[in-house]
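Please open the structure in your viewer and keep the selection tool at hand. The tour goes from stop to stop, telling you what to select and what is there.

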Amino acid sequence: MENRVEELRKKAGMNQDDFAKAIKVSRQTISSIETGKYNPSLELAFTIADFFDTSIEKIFIHERGRQNEKK
């Protein structure tokens, strides 16, 4: 699953460590999410979306959803 976490974090002027502290996870978790090595739990996805004041769908792009957009 692709995501826009890194883009939104950088737009907010935050490094991985600061963002991780803000949402109470490790910097490694943020790194793994940004590189696509780890898909966050639904609870963490909501926490990230709430932090950026947007919807989960605008941050996390599910491949099937992308295919439907092309049709």
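**First stop: a threonine and its helix**

Select Thr29, which touches Tyr38 and Leu44 when residues up to four places away in sequence are not counted, a touch or contact being heavy atoms within 4.5 Å. Before going on, note that this is a predicted model, in which local features need pLDDT of at least 70 and side-chain atom pairs count only at pLDDT 80 or more, while totals for chains, interfaces and linings use all residues. Residues are numbered from 1 along each chain as its sequence is written, and side-chain values use heavy atoms, with hydrogens and water left out.

Thr29 lies in helix α3, residues 27-34; helices (H or I, at least four residues) and strands (E, at least two) are DSSP runs, numbered from the N terminus. The side chain of Thr29 also makes a polar contact with the side chain of Ser26, at 2.9 Å (a pair of N or O atoms within 3.5 Å, where within protein one must be able to donate a hydrogen and the other to accept it, and residues adjacent in sequence count only if both atoms are side-chain atoms).

Now select Thr29, Ile30, Ile33 and Glu34, the buried residues of α3, where buried means under 20% relative accessible area, exposed over 50% and partly exposed in between, with a 1.4 Å probe and protein chains only. They lie on the same side of α3 because they cover an arc of only 130 degrees around the axis, taken from the directions from the helix axis to the C-beta atoms.

**Second stop: the nonpolar core**

Next select Val5, Phe19, Ile48, Ile59 and Phe60, which touch the most other members among the 16 residues of the largest nonpolar core, a set of buried Ala, Val, Leu, Ile, Met, Phe, Trp, Tyr and Cys residues joined through side-chain atoms within 4.5 Å. The largest share of this core, 4 residues, comes from α4. Ile48 is in contact with Val5, Phe19, Ile23, Ile33, Ile59 and Phe60, leaving aside its neighbours within four places in sequence.

Finally, select Phe19, Phe51 and Phe52, which ring pairs link into a cluster. Phe51 and Phe52 form an edge-to-face pair, 5.1 Å centre to centre and with 90 degrees between the planes (Phe, Tyr and Trp rings, the six-membered one for Trp, pair if their centres lie within 6.5 Å; planes under 30 degrees apart are stacked, over 60 edge-to-face and the rest tilted). Phe52 is buried, at 16% relative accessible area, whereas Phe51 is partly exposed, at 34%.
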